[in-house]
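Biologist: I have some questions about the words used for this protein. Could you take me through them one at a time?

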Amino acid sequence: MRRLNDEDIAQIRQQANIVDVISSYIPLQQAGSNYKAICPFHDDTNPSLSVNAQKQIFKCFACGVGGNVFTFVKDYEEISFIEAVIKVGQMVGFDLSQFSVDNYKPKIDNQTSRYFRLMDEAQQYIEFTLTNTKDDQVRDFLKDRGLTQSLIKTFQIGYIDPNFPLAKYLNKKGYSYQEIEAVHLATLSDGDYYDVFNSRILFPIKTHDNQVVAYTARSLTDNQTKYINSATSPIYQKANILYNYHNAMERAYKDDSVVVCEGVMDVIAFHKSGHPKSVATLGTALSNQQVQLLKKMNSDIVLGFDGDTAGQQAMLNIGTVLRENRLNVFVYNNNSTDDPDDISQKRSKEALKEMVDKPKHWMEFILEYGSKLYSLTSYNAKKQVVEFVLNHLKLFDKIDQTYFISQLSNLTGFDEQTLGTSLSEMPSKAVKRRVEPIKKSVTTNQLLQSEKQILSYLVDGKKYGQMFKLQLGYLIDPNANDLALLILNLYNVHDTISVADCLNLNLNPIQESVLLEISEDSLYQVPKTEKHLKELMIQVQIADIDNMLKINQSHILKAESSTEKIKLMNEKIELHQRKDKLKMEASDEEI
Ligand SMILES: [Zn+2]
(Lines give C-alpha, C1' and ligand atoms only; values in the text may rest on other atoms or scores of the structure.)
Protein backbone atom coordinates (compact mmCIF):
# COMPACT_ATOMS: atom_id res chain seq x y z
CA MET A 1 0.00 0.00 0.00
CA ARG A 2 1.25 3.47 -0.74
CA ARG A 3 -0.09 6.95 -0.41
CA LEU A 4 -1.54 8.94 -3.25
CA ASN A 5 1.03 11.57 -4.15
CA ASP A 6 0.57 14.87 -5.97
CA GLU A 7 1.34 13.24 -9.32
CA ASP A 8 -1.41 10.63 -8.85
CA ILE A 9 -3.85 13.33 -7.85
CA ALA A 10 -2.97 15.42 -10.90
CA GLN A 11 -3.36 12.35 -13.13
CA ILE A 12 -6.81 11.53 -11.77
CA ARG A 13 -7.82 15.16 -12.24
CA GLN A 14 -6.69 15.12 -15.83
CA GLN A 15 -8.48 11.85 -16.59
CA ALA A 16 -11.75 13.09 -15.12
CA ASN A 17 -14.08 15.36 -17.02
CA ILE A 18 -15.69 17.77 -14.60
CA VAL A 19 -18.83 17.94 -16.76
CA ASP A 20 -19.37 14.17 -16.55
CA VAL A 21 -18.66 14.04 -12.85
CA ILE A 22 -20.91 16.97 -11.87
CA SER A 23 -23.71 15.73 -14.13
CA SER A 24 -23.65 12.41 -12.29
CA TYR A 25 -24.78 14.40 -9.23
CA ILE A 26 -27.00 17.16 -10.61
CA PRO A 27 -28.59 17.91 -14.00
CA LEU A 28 -26.49 20.21 -16.21
CA GLN A 29 -27.73 22.36 -19.09
CA GLN A 30 -25.46 23.42 -21.89
CA ALA A 31 -25.05 27.20 -22.17
CA GLY A 32 -22.68 28.10 -24.97
CA SER A 33 -19.38 26.41 -24.38
CA ASN A 34 -20.13 26.14 -20.66
CA TYR A 35 -22.74 24.34 -18.57
CA LYS A 36 -25.17 25.66 -16.01
CA ALA A 37 -26.98 24.10 -13.07
CA ILE A 38 -29.08 24.87 -10.04
CA CYS A 39 -26.45 25.29 -7.34
CA PRO A 40 -26.71 22.52 -4.71
CA PHE A 41 -24.75 24.58 -2.19
CA HIS A 42 -27.27 27.30 -1.57
CA ASP A 43 -31.01 27.72 -1.85
CA ASP A 44 -30.87 28.36 -5.57
CA THR A 45 -33.75 28.91 -7.97
CA ASN A 46 -31.94 30.24 -11.04
CA PRO A 47 -29.15 28.14 -12.41
CA SER A 48 -26.27 30.05 -10.77
CA LEU A 49 -23.64 27.36 -10.97
CA SER A 50 -21.44 27.48 -14.03
CA VAL A 51 -19.19 24.63 -15.15
CA ASN A 52 -16.33 25.52 -17.45
CA ALA A 53 -15.42 22.43 -19.49
CA GLN A 54 -12.33 23.95 -21.04
CA LYS A 55 -10.78 25.05 -17.75
CA GLN A 56 -12.26 22.11 -15.81
CA ILE A 57 -13.54 24.30 -13.01
CA PHE A 58 -16.94 25.29 -11.62
CA LYS A 59 -18.17 28.39 -9.85
CA CYS A 60 -21.45 29.60 -8.37
CA PHE A 61 -22.02 33.25 -9.04
CA ALA A 62 -24.53 33.55 -6.22
CA CYS A 63 -22.90 31.91 -3.22
CA GLY A 64 -19.31 31.93 -4.37
CA VAL A 65 -18.40 28.24 -4.10
CA GLY A 66 -16.12 26.96 -6.79
CA GLY A 67 -13.12 24.84 -7.56
CA ASN A 68 -12.11 21.80 -9.56
CA VAL A 69 -13.68 18.37 -9.86
CA PHE A 70 -12.40 17.29 -6.43
CA THR A 71 -13.75 20.40 -4.74
CA PHE A 72 -17.22 19.67 -6.10
CA VAL A 73 -17.27 16.05 -4.94
CA LYS A 74 -15.75 16.98 -1.58
CA ASP A 75 -18.30 19.73 -0.92
CA TYR A 76 -21.28 17.87 -2.35
CA GLU A 77 -20.64 14.68 -0.42
CA GLU A 78 -19.14 16.51 2.55
CA ILE A 79 -16.12 14.24 2.57
CA SER A 80 -12.41 14.93 2.84
CA PHE A 81 -10.31 16.05 -0.10
CA ILE A 82 -8.53 12.72 -0.37
CA GLU A 83 -11.79 10.78 -0.18
CA ALA A 84 -13.03 12.93 -3.05
CA VAL A 85 -9.88 12.15 -5.05
CA ILE A 86 -10.43 8.42 -4.52
CA LYS A 87 -14.09 8.70 -5.43
CA VAL A 88 -13.28 10.50 -8.68
CA GLY A 89 -10.46 8.01 -9.29
CA GLN A 90 -12.99 5.19 -9.09
CA MET A 91 -15.34 7.01 -11.48
CA VAL A 92 -12.68 7.35 -14.15
CA GLY A 93 -11.34 3.84 -13.65
CA PHE A 94 -7.97 4.89 -12.21
CA ASP A 95 -6.23 1.87 -10.74
CA LEU A 96 -6.46 2.43 -6.99
CA SER A 97 -5.70 -1.13 -5.92
CA GLN A 98 -2.37 -0.19 -4.38
CA PHE A 99 -3.77 2.72 -2.39
CA SER A 100 -5.80 2.85 0.75
CA VAL A 101 -7.73 5.79 2.14
CA ASP A 102 -6.55 4.83 5.61
CA ASN A 103 -3.01 5.09 4.38
CA TYR A 104 -3.50 8.73 3.78
CA LYS A 105 -3.30 10.75 6.92
CA PRO A 106 -3.75 14.45 6.38
CA LYS A 107 -0.91 16.52 7.77
CA ILE A 108 -1.71 17.84 11.21
CA ASP A 109 0.06 20.63 12.96
CA ASN A 110 2.26 20.18 16.01
CA GLN A 111 -0.22 21.45 18.56
CA THR A 112 -2.95 19.16 17.25
CA SER A 113 -0.68 16.15 17.38
CA ARG A 114 0.25 17.08 20.95
CA TYR A 115 -3.47 17.16 21.85
CA PHE A 116 -3.88 13.74 20.25
CA ARG A 117 -0.96 12.32 22.23
CA LEU A 118 -2.36 13.90 25.38
CA MET A 119 -5.70 12.17 24.77
CA ASP A 120 -3.93 8.85 24.13
CA GLU A 121 -2.08 9.15 27.44
CA ALA A 122 -5.29 10.13 29.23
CA GLN A 123 -7.06 7.15 27.71
CA GLN A 124 -4.40 4.69 28.87
CA TYR A 125 -4.43 6.17 32.34
CA ILE A 126 -8.20 6.07 32.86
CA GLU A 127 -8.41 2.47 31.63
CA PHE A 128 -5.63 1.53 34.02
CA THR A 129 -7.36 3.40 36.85
CA LEU A 130 -10.63 1.56 36.25
CA THR A 131 -8.98 -1.85 36.41
CA ASN A 132 -7.00 -1.00 39.50
CA THR A 133 -9.37 1.07 41.58
CA LYS A 134 -10.17 -0.13 45.08
CA ASP A 135 -13.46 1.75 45.04
CA ASP A 136 -16.40 -0.64 45.65
CA GLN A 137 -18.84 1.89 44.26
CA VAL A 138 -17.17 1.52 40.86
CA ARG A 139 -17.30 -2.28 40.93
CA ASP A 140 -20.97 -2.17 41.96
CA PHE A 141 -21.78 0.29 39.22
CA LEU A 142 -20.18 -1.87 36.55
CA LYS A 143 -21.89 -4.98 37.87
CA ASP A 144 -25.34 -3.35 38.09
CA ARG A 145 -25.02 -2.05 34.56
CA GLY A 146 -23.88 -5.38 33.15
CA LEU A 147 -20.57 -3.90 32.03
CA THR A 148 -18.45 -7.04 31.77
CA GLN A 149 -14.67 -7.15 31.33
CA SER A 150 -15.12 -7.77 27.64
CA LEU A 151 -17.43 -4.76 27.19
CA ILE A 152 -15.07 -2.58 29.22
CA LYS A 153 -12.30 -3.60 26.86
CA THR A 154 -14.33 -3.16 23.67
CA PHE A 155 -15.58 0.29 24.62
CA GLN A 156 -12.35 1.26 26.39
CA ILE A 157 -14.24 2.40 29.44
CA GLY A 158 -12.22 4.25 32.08
CA TYR A 159 -12.52 5.90 35.46
CA ILE A 160 -11.09 8.94 37.20
CA ASP A 161 -10.26 8.04 40.77
CA PRO A 162 -10.10 11.12 43.05
CA ASN A 163 -6.97 9.58 44.62
CA PHE A 164 -5.26 9.41 41.24
CA PRO A 165 -6.22 12.64 39.48
CA LEU A 166 -5.82 12.62 35.70
CA ALA A 167 -4.95 16.28 35.13
CA LYS A 168 -2.03 16.12 37.60
CA TYR A 169 -0.77 12.95 35.94
CA LEU A 170 -0.91 14.54 32.47
CA ASN A 171 0.89 17.61 33.77
CA LYS A 172 3.68 15.43 35.16
CA LYS A 173 3.87 13.78 31.75
CA GLY A 174 4.83 17.13 30.26
CA TYR A 175 1.54 18.70 29.18
CA SER A 176 0.75 22.19 30.37
CA TYR A 177 -2.45 22.82 32.29
CA GLN A 178 -3.49 25.17 29.49
CA GLU A 179 -3.29 22.26 27.06
CA ILE A 180 -5.15 19.94 29.42
CA GLU A 181 -7.80 22.59 29.91
CA ALA A 182 -8.08 23.21 26.16
CA VAL A 183 -9.23 19.62 25.58
CA HIS A 184 -11.61 19.90 28.51
CA LEU A 185 -9.85 17.51 30.88
CA ALA A 186 -9.03 20.12 33.53
CA THR A 187 -10.77 23.13 34.97
CA LEU A 188 -9.32 26.02 36.95
CA SER A 189 -10.82 26.74 40.34
CA ASP A 190 -9.34 28.82 43.19
CA GLY A 191 -5.97 28.94 41.47
CA ASP A 192 -5.65 25.18 41.03
CA TYR A 193 -6.53 22.75 38.23
CA TYR A 194 -9.01 19.94 38.82
CA ASP A 195 -10.38 17.02 36.80
CA VAL A 196 -13.56 17.92 34.93
CA PHE A 197 -14.75 14.31 35.10
CA ASN A 198 -13.66 13.51 38.65
CA SER A 199 -15.18 10.30 40.11
CA ARG A 200 -16.94 9.49 36.86
CA ILE A 201 -16.99 6.53 34.49
CA LEU A 202 -15.59 7.68 31.16
CA PHE A 203 -16.52 6.58 27.66
CA PRO A 204 -14.11 7.78 24.97
CA ILE A 205 -15.54 9.53 21.91
CA LYS A 206 -13.44 8.88 18.83
CA THR A 207 -13.10 10.17 15.32
CA HIS A 208 -13.82 7.86 12.41
CA ASP A 209 -10.11 7.00 12.31
CA ASN A 210 -9.97 5.84 15.91
CA GLN A 211 -8.54 8.92 17.61
CA VAL A 212 -9.92 9.74 21.08
CA VAL A 213 -10.97 13.40 21.02
CA ALA A 214 -13.52 13.73 23.83
CA TYR A 215 -15.40 11.94 26.58
CA THR A 216 -18.89 11.38 27.78
CA ALA A 217 -18.81 10.75 31.51
CA ARG A 218 -21.41 9.01 33.70
CA SER A 219 -21.83 9.70 37.40
CA LEU A 220 -21.65 6.70 39.74
CA THR A 221 -24.89 7.64 41.45
CA ASP A 222 -28.15 8.94 40.06
CA ASN A 223 -28.36 11.94 42.37
CA GLN A 224 -25.97 14.08 40.30
CA THR A 225 -26.07 15.04 36.62
CA LYS A 226 -25.94 11.61 34.98
CA TYR A 227 -23.90 12.47 31.90
CA ILE A 228 -21.55 15.28 31.16
CA ASN A 229 -19.81 15.59 27.82
CA SER A 230 -16.60 17.26 26.71
CA ALA A 231 -17.15 20.79 25.50
CA THR A 232 -16.09 21.82 22.00
CA SER A 233 -12.30 21.95 21.83
CA PRO A 234 -9.60 22.43 19.20
CA ILE A 235 -9.90 18.70 18.43
CA TYR A 236 -13.59 18.06 19.09
CA GLN A 237 -16.74 19.32 17.49
CA LYS A 238 -19.80 17.39 18.51
CA ALA A 239 -21.53 17.91 15.18
CA ASN A 240 -18.77 16.05 13.30
CA ILE A 241 -18.90 12.85 15.30
CA LEU A 242 -21.17 9.92 16.02
CA TYR A 243 -20.31 7.84 19.09
CA ASN A 244 -18.99 4.36 18.15
CA TYR A 245 -18.86 5.22 14.43
CA HIS A 246 -15.37 3.79 14.14
CA ASN A 247 -16.41 0.38 15.52
CA ALA A 248 -19.64 0.31 13.56
CA MET A 249 -17.93 1.22 10.30
CA GLU A 250 -15.48 -1.67 10.69
CA ARG A 251 -18.38 -4.06 10.91
CA ALA A 252 -20.14 -2.65 7.91
CA TYR A 253 -19.86 -5.92 6.03
CA LYS A 254 -21.44 -8.05 8.74
CA ASP A 255 -24.81 -6.48 9.18
CA ASP A 256 -27.03 -4.71 6.74
CA SER A 257 -28.55 -2.08 8.99
CA VAL A 258 -27.13 0.40 11.45
CA VAL A 259 -28.87 1.30 14.69
CA VAL A 260 -28.93 5.00 15.56
CA CYS A 261 -29.63 5.74 19.22
CA GLU A 262 -29.11 8.47 21.76
CA GLY A 263 -26.45 7.56 24.30
CA VAL A 264 -23.46 5.38 25.09
CA MET A 265 -25.38 2.91 27.27
CA ASP A 266 -27.86 2.40 24.43
CA VAL A 267 -25.03 1.61 22.02
CA ILE A 268 -23.68 -0.90 24.52
CA ALA A 269 -27.14 -2.43 24.97
CA PHE A 270 -27.54 -2.87 21.20
CA HIS A 271 -24.01 -4.25 20.99
CA LYS A 272 -24.84 -6.85 23.66
CA SER A 273 -28.03 -7.81 21.87
CA GLY A 274 -26.14 -8.67 18.70
CA HIS A 275 -26.22 -5.31 16.91
CA PRO A 276 -22.66 -4.07 17.18
CA LYS A 277 -23.25 -1.78 14.23
CA SER A 278 -24.84 0.96 16.29
CA VAL A 279 -23.97 4.61 16.82
CA ALA A 280 -25.18 7.33 19.17
CA THR A 281 -25.96 10.95 18.36
CA LEU A 282 -25.20 12.01 21.97
CA GLY A 283 -28.24 14.25 21.75
CA THR A 284 -31.65 14.42 20.16
CA ALA A 285 -30.72 16.27 16.99
CA LEU A 286 -28.68 15.33 13.95
CA SER A 287 -26.20 17.66 12.24
CA ASN A 288 -25.57 17.77 8.50
CA GLN A 289 -22.17 16.20 9.03
CA GLN A 290 -23.67 13.36 11.03
CA VAL A 291 -26.13 12.74 8.20
CA GLN A 292 -23.19 12.50 5.80
CA LEU A 293 -21.43 10.01 8.11
CA LEU A 294 -24.52 7.83 8.10
CA LYS A 295 -24.84 8.09 4.32
CA LYS A 296 -21.30 6.79 4.01
CA MET A 297 -22.25 3.61 5.84
CA ASN A 298 -24.46 2.61 2.92
CA SER A 299 -26.92 0.86 5.19
CA ASP A 300 -30.54 0.99 6.22
CA ILE A 301 -31.07 2.91 9.43
CA VAL A 302 -33.00 1.56 12.41
CA LEU A 303 -33.80 4.27 14.95
CA GLY A 304 -33.55 3.09 18.56
CA PHE A 305 -34.26 6.01 20.88
CA ASP A 306 -36.11 5.94 24.21
CA GLY A 307 -39.72 4.83 24.16
CA ASP A 308 -40.97 7.90 26.01
CA THR A 309 -42.44 11.01 24.41
CA ALA A 310 -39.07 12.76 24.12
CA GLY A 311 -37.56 9.71 22.43
CA GLN A 312 -40.47 9.42 19.99
CA GLN A 313 -40.11 13.07 19.12
CA ALA A 314 -36.35 12.67 18.59
CA MET A 315 -37.01 9.74 16.23
CA LEU A 316 -39.58 11.77 14.31
CA ASN A 317 -37.13 14.67 13.87
CA ILE A 318 -34.07 12.59 13.07
CA GLY A 319 -35.95 10.14 10.84
CA THR A 320 -37.45 13.03 8.88
CA VAL A 321 -34.00 14.49 8.19
CA LEU A 322 -32.70 11.09 7.12
CA ARG A 323 -35.67 10.48 4.82
CA GLU A 324 -35.13 13.87 3.21
CA ASN A 325 -31.60 12.69 2.54
CA ARG A 326 -32.99 9.59 0.84
CA LEU A 327 -31.93 7.06 3.45
CA ASN A 328 -34.02 4.01 4.25
CA VAL A 329 -35.31 4.53 7.76
CA PHE A 330 -36.98 2.07 10.12
CA VAL A 331 -37.90 2.35 13.78
CA TYR A 332 -37.24 -0.43 16.28
CA ASN A 333 -40.39 -2.10 17.47
CA ASN A 334 -40.52 -0.78 21.02
CA ASN A 335 -44.08 -0.21 22.17
CA SER A 336 -43.11 0.55 25.77
CA THR A 337 -41.73 3.77 27.25
CA ASP A 338 -38.44 2.04 28.20
CA ASP A 339 -35.05 2.94 26.79
CA PRO A 340 -32.87 0.33 25.03
CA ASP A 341 -30.66 -0.20 28.06
CA ASP A 342 -33.70 -0.84 30.30
CA ILE A 343 -35.13 -3.29 27.80
CA SER A 344 -31.91 -5.26 27.65
CA GLN A 345 -31.40 -5.22 31.43
CA LYS A 346 -34.97 -5.68 32.68
CA ARG A 347 -36.32 -7.90 29.93
CA SER A 348 -33.65 -9.55 27.82
CA LYS A 349 -31.05 -9.03 25.16
CA GLU A 350 -33.19 -11.17 22.89
CA ALA A 351 -36.21 -8.89 23.35
CA LEU A 352 -34.13 -5.91 22.22
CA LYS A 353 -32.66 -7.84 19.30
CA GLU A 354 -36.12 -8.78 18.11
CA MET A 355 -37.20 -5.13 18.14
CA VAL A 356 -34.36 -4.27 15.76
CA ASP A 357 -34.70 -7.36 13.59
CA LYS A 358 -38.41 -6.76 13.05
CA PRO A 359 -38.58 -2.99 12.88
CA LYS A 360 -41.46 -0.75 11.91
CA HIS A 361 -41.51 0.75 8.44
CA TRP A 362 -41.02 4.52 8.65
CA MET A 363 -44.58 5.08 7.45
CA GLU A 364 -45.97 2.72 10.11
CA PHE A 365 -44.21 4.84 12.70
CA ILE A 366 -45.58 8.00 11.09
CA LEU A 367 -49.17 6.67 11.04
CA GLU A 368 -48.92 5.77 14.73
CA TYR A 369 -47.27 9.02 15.63
CA GLY A 370 -49.81 11.07 13.67
CA SER A 371 -52.80 9.39 15.23
CA LYS A 372 -51.38 9.85 18.72
CA LEU A 373 -50.54 13.46 17.97
CA TYR A 374 -53.97 14.47 16.69
CA SER A 375 -56.14 11.89 18.48
CA LEU A 376 -58.52 11.40 15.47
CA THR A 377 -61.64 12.44 17.34
CA SER A 378 -62.80 15.28 15.09
CA TYR A 379 -62.96 15.97 11.38
CA ASN A 380 -60.24 18.62 11.76
CA ALA A 381 -57.96 16.27 13.65
CA LYS A 382 -58.38 13.64 10.93
CA LYS A 383 -57.54 16.17 8.27
CA GLN A 384 -54.39 17.14 10.16
CA VAL A 385 -53.36 13.50 10.37
CA VAL A 386 -53.86 13.17 6.62
CA GLU A 387 -51.67 16.16 5.93
CA PHE A 388 -48.99 15.01 8.36
CA VAL A 389 -48.88 11.50 6.89
CA LEU A 390 -48.99 12.55 3.21
CA ASN A 391 -46.10 14.93 3.82
CA HIS A 392 -43.94 11.95 4.72
CA LEU A 393 -45.47 9.60 2.19
CA LYS A 394 -44.59 11.81 -0.76
CA LEU A 395 -40.96 10.77 -0.47
CA PHE A 396 -41.78 7.08 -1.08
CA ASP A 397 -42.32 5.08 -4.26
CA LYS A 398 -45.68 4.13 -5.79
CA ILE A 399 -45.94 0.73 -4.11
CA ASP A 400 -45.39 2.17 -0.65
CA GLN A 401 -47.74 5.03 -1.42
CA THR A 402 -50.57 2.72 -2.51
CA TYR A 403 -50.18 0.53 0.56
CA PHE A 404 -50.07 3.34 3.09
CA ILE A 405 -52.86 5.32 1.45
CA SER A 406 -55.09 2.35 2.09
CA GLN A 407 -53.91 2.28 5.72
CA LEU A 408 -54.53 5.99 6.05
CA SER A 409 -57.98 5.57 4.55
CA ASN A 410 -58.87 2.92 7.15
CA LEU A 411 -57.58 5.15 9.90
CA THR A 412 -59.31 8.37 8.92
CA GLY A 413 -62.29 7.34 6.81
CA PHE A 414 -61.24 9.39 3.76
CA ASP A 415 -61.49 7.35 0.58
CA GLU A 416 -58.32 6.14 -1.08
CA GLN A 417 -58.88 7.95 -4.33
CA THR A 418 -59.23 11.34 -2.64
CA LEU A 419 -56.11 10.68 -0.61
CA GLY A 420 -54.24 9.57 -3.74
CA THR A 421 -55.23 12.77 -5.55
CA SER A 422 -54.15 14.94 -2.62
CA LEU A 423 -50.82 13.16 -2.54
CA SER A 424 -50.16 13.70 -6.23
CA GLU A 425 -51.08 17.36 -5.89
CA MET A 426 -48.61 17.95 -3.08
CA PRO A 427 -45.60 20.01 -4.08
CA SER A 428 -43.20 17.28 -5.08
CA LYS A 429 -40.14 19.47 -4.79
CA ALA A 430 -37.62 17.47 -2.89
CA VAL A 431 -36.67 18.96 0.39
CA LYS A 432 -33.64 21.18 0.26
CA ARG A 433 -30.36 19.47 0.78
CA ARG A 434 -29.05 22.31 2.81
CA VAL A 435 -30.48 25.49 4.12
CA GLU A 436 -27.34 27.51 4.40
CA PRO A 437 -24.54 27.78 1.91
CA ILE A 438 -21.58 25.83 3.18
CA LYS A 439 -19.10 28.41 1.95
CA LYS A 440 -19.56 32.11 1.97
CA SER A 441 -17.97 33.94 -0.88
CA VAL A 442 -14.70 35.39 0.23
CA THR A 443 -13.67 38.89 -0.52
CA THR A 444 -10.37 39.27 -2.27
CA ASN A 445 -10.43 43.07 -2.18
CA GLN A 446 -7.45 43.40 0.09
CA LEU A 447 -5.28 42.15 -2.75
CA LEU A 448 -4.00 44.73 -5.16
CA GLN A 449 -5.35 44.54 -8.67
CA SER A 450 -1.75 44.30 -9.87
CA GLU A 451 -1.08 41.35 -7.58
CA LYS A 452 -4.02 39.45 -9.03
CA GLN A 453 -2.82 40.34 -12.53
CA ILE A 454 0.65 39.00 -11.71
CA LEU A 455 -0.86 35.76 -10.42
CA SER A 456 -2.75 35.37 -13.68
CA TYR A 457 0.61 35.74 -15.49
CA LEU A 458 2.17 33.11 -13.26
CA VAL A 459 -0.53 30.57 -14.11
CA ASP A 460 -0.24 31.45 -17.78
CA GLY A 461 3.30 30.33 -18.45
CA LYS A 462 6.61 29.19 -17.05
CA LYS A 463 8.53 32.03 -18.67
CA TYR A 464 6.49 34.57 -16.72
CA GLY A 465 7.18 32.54 -13.61
CA GLN A 466 10.92 32.79 -14.29
CA MET A 467 10.71 36.50 -14.94
CA PHE A 468 8.77 37.12 -11.72
CA LYS A 469 11.18 35.00 -9.71
CA LEU A 470 14.21 36.92 -10.96
CA GLN A 471 12.85 40.45 -10.96
CA LEU A 472 10.46 40.60 -8.00
CA GLY A 473 10.09 37.27 -6.25
CA TYR A 474 7.42 38.29 -3.74
CA LEU A 475 3.94 39.78 -3.42
CA ILE A 476 2.75 42.05 -0.63
CA ASP A 477 -0.41 40.29 0.44
CA PRO A 478 0.57 37.12 2.37
CA ASN A 479 -2.14 35.03 0.66
CA ALA A 480 -1.06 36.19 -2.78
CA ASN A 481 2.58 35.66 -1.88
CA ASP A 482 2.04 32.07 -0.69
CA LEU A 483 0.00 31.36 -3.78
CA ALA A 484 2.74 32.73 -6.04
CA LEU A 485 5.36 30.56 -4.34
CA LEU A 486 3.16 27.47 -4.66
CA ILE A 487 2.73 28.14 -8.37
CA LEU A 488 6.48 28.67 -8.86
CA ASN A 489 7.00 25.37 -7.06
CA LEU A 490 4.76 23.59 -9.55
CA TYR A 491 7.03 24.82 -12.36
CA ASN A 492 9.88 22.86 -10.79
CA VAL A 493 8.10 19.70 -11.91
CA HIS A 494 5.75 20.81 -14.69
CA ASP A 495 6.27 22.89 -17.79
CA THR A 496 2.67 24.03 -17.95
CA ILE A 497 0.08 24.28 -15.22
CA SER A 498 -3.66 24.84 -15.09
CA VAL A 499 -5.93 26.53 -12.59
CA ALA A 500 -7.74 23.22 -12.10
CA ASP A 501 -4.44 21.66 -10.99
CA CYS A 502 -3.52 24.60 -8.76
CA LEU A 503 -6.81 23.99 -6.94
CA ASN A 504 -5.39 20.66 -5.73
CA LEU A 505 -2.85 22.58 -3.67
CA ASN A 506 -3.62 23.05 -0.05
CA LEU A 507 -5.16 26.51 -0.46
CA ASN A 508 -7.22 28.63 1.88
CA PRO A 509 -10.63 30.01 0.76
CA ILE A 510 -9.17 33.40 -0.17
CA GLN A 511 -6.54 31.83 -2.38
CA GLU A 512 -9.11 29.55 -4.04
CA SER A 513 -11.28 32.54 -4.64
CA VAL A 514 -8.45 34.52 -6.24
CA LEU A 515 -7.58 31.62 -8.52
CA LEU A 516 -11.17 31.27 -9.70
CA GLU A 517 -11.45 35.01 -10.19
CA ILE A 518 -8.34 35.28 -12.35
CA SER A 519 -9.40 32.35 -14.49
CA GLU A 520 -13.02 33.44 -14.96
CA ASP A 521 -13.07 37.22 -14.90
CA SER A 522 -12.63 38.77 -18.36
CA LEU A 523 -10.37 41.38 -16.77
CA TYR A 524 -7.61 38.80 -16.69
CA GLN A 525 -8.22 37.26 -20.11
CA VAL A 526 -6.17 39.86 -21.97
CA PRO A 527 -3.17 39.01 -24.17
CA LYS A 528 -0.12 38.71 -21.97
CA THR A 529 3.16 40.51 -22.66
CA GLU A 530 6.45 40.65 -20.79
CA LYS A 531 6.27 44.44 -20.90
CA HIS A 532 2.92 44.44 -19.10
CA LEU A 533 4.18 42.03 -16.45
CA LYS A 534 7.17 44.34 -15.90
CA GLU A 535 4.80 47.28 -15.36
CA LEU A 536 2.75 45.25 -12.90
CA MET A 537 5.81 44.32 -10.90
CA ILE A 538 6.81 47.98 -10.70
CA GLN A 539 3.32 48.84 -9.46
CA VAL A 540 3.65 46.27 -6.71
CA GLN A 541 7.06 47.64 -5.70
CA ILE A 542 5.66 51.18 -5.57
CA ALA A 543 2.73 50.02 -3.45
CA ASP A 544 5.18 48.25 -1.18
CA ILE A 545 7.22 51.43 -0.75
CA ASP A 546 4.03 53.38 -0.03
CA ASN A 547 3.30 50.94 2.78
CA MET A 548 6.81 51.39 4.15
CA LEU A 549 6.42 55.16 3.98
CA LYS A 550 3.26 54.97 6.04
CA ILE A 551 5.01 52.91 8.69
CA ASN A 552 8.01 55.26 8.59
CA GLN A 553 5.71 58.25 9.08
CA SER A 554 4.05 56.73 12.15
CA HIS A 555 7.49 55.96 13.61
CA ILE A 556 8.63 59.53 13.00
CA LEU A 557 5.64 60.82 14.94
CA LYS A 558 6.44 58.51 17.82
CA ALA A 559 10.21 58.99 17.79
CA GLU A 560 11.54 59.83 21.25
CA SER A 561 15.05 61.10 20.53
CA SER A 562 16.32 63.44 17.85
CA THR A 563 18.92 60.90 16.64
CA GLU A 564 16.15 58.38 16.09
CA LYS A 565 14.13 60.99 14.26
CA ILE A 566 17.05 61.85 11.95
CA LYS A 567 17.62 58.18 11.18
CA LEU A 568 13.94 57.80 10.26
CA MET A 569 13.97 60.96 8.14
CA ASN A 570 16.94 59.61 6.17
CA GLU A 571 15.06 56.38 5.66
CA LYS A 572 12.12 58.40 4.38
CA ILE A 573 14.28 60.25 1.84
CA GLU A 574 15.78 57.00 0.65
CA LEU A 575 12.32 55.46 0.20
CA HIS A 576 11.19 58.48 -1.83
CA GLN A 577 14.26 58.19 -4.02
CA ARG A 578 13.56 54.53 -4.67
CA LYS A 579 9.96 55.34 -5.48
CA ASP A 580 10.94 58.07 -7.94
CA LYS A 581 13.36 55.73 -9.65
CA LEU A 582 10.63 53.11 -10.04
CA LYS A 583 8.26 55.73 -11.46
CA MET A 584 10.91 56.63 -14.05
CA GLU A 585 11.28 52.97 -14.98
CA ALA A 586 7.53 52.71 -15.30
CA SER A 587 7.29 55.69 -17.67
CA ASP A 588 10.18 54.23 -19.70
CA GLU A 589 8.19 51.01 -20.03
CA GLU A 590 5.21 52.94 -21.30
CA ILE A 591 7.11 54.59 -24.15
ZN1 LIG B 1 -24.38 28.58 -4.95
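Modeller: Gladly. Keep in mind that this is a predicted model.

Biologist: Then what makes β2 and β3 a pair of strands?

Modeller: Two strands pair if there are at least two bridges between them. Strand β2 (residues 34-37) and strand β3 (residues 49-52) are joined over three bridges, so they count as a pair. They pair in the antiparallel sense. Tyr 35, for example, stands opposite Val 51 in β3.

Biologist: What lies between the strands in the hairpin of β3 and β4?

Modeller: Four residues lie between them. In this hairpin, Gln 56 takes a positive phi near 60°. Most residues other than glycine have a negative phi.

Biologist: Where else does a residue other than glycine have a positive phi?

Modeller: Asp 190 is one of them, with phi near 50°. Its place is in the loop between β7 (186-189) and β8 (192-195). Ser 199 has a positive phi too, of about 60°. Ser 199 lies in the loop between β8 and β9 (200-206).

Biologist: What about Asp 120: buried or exposed?

Modeller: Asp 120 has 12 other C-beta atoms within 10 Å. The cut-off for exposed is 12 or fewer, so Asp 120 is exposed. Asp 120 is found in helix α5 (residues 110-132). The C-alpha atoms of Asp 120 and Val 213 are separated by 8.9 Å, and these residues are 93 residues apart along the chain.

Biologist: Why does helix α6 lie largely in the open?

Modeller: Helix α6 (residues 136-144) has nine residues, and the number buried is zero, so it lies largely in the open. α6 is followed by Gly 146, whose phi is positive, near 70°.

Biologist: Which strands form the open sheet of four?

Modeller: The order is β6-β9-β10-β11, and the pairing is antiparallel. β6 (158-159) and β11 (227-229) stand at the edges, because each has a single partner strand. One side of each is left without a neighbour in the sheet.

Biologist: How do you know that β6 and β9 pair?

Modeller: They are joined over two bridges, and at least two are needed, so they pair. Gly 158 stands opposite Leu 202 in β9.

Biologist: Which residues touch the most other members of the largest nonpolar core?

Modeller: That core has 83 residues. Leu 185, Leu 202, Val 260, Val 279, Ile 301 and Leu 303 touch the most other members. Apart from this core lies another, of 53 residues, among them Ala 37, Phe 58, Val 69 and Val 88.

Conventions:
Residues are numbered from 1 along each chain as its sequence is written. This is a predicted model: local features need pLDDT of at least 70, side-chain atom pairs count only at pLDDT 80 or more; totals for chains, interfaces and linings use all residues. A nonpolar core is a set of buried Ala, Val, Leu, Ile, Met, Phe, Trp, Tyr and Cys residues joined through C-beta atoms within 7 Å. A residue is buried if 20 or more other C-beta atoms lie within 10 Å of its own, exposed if 12 or fewer, and partly exposed in between; C-beta atoms are placed from the backbone.
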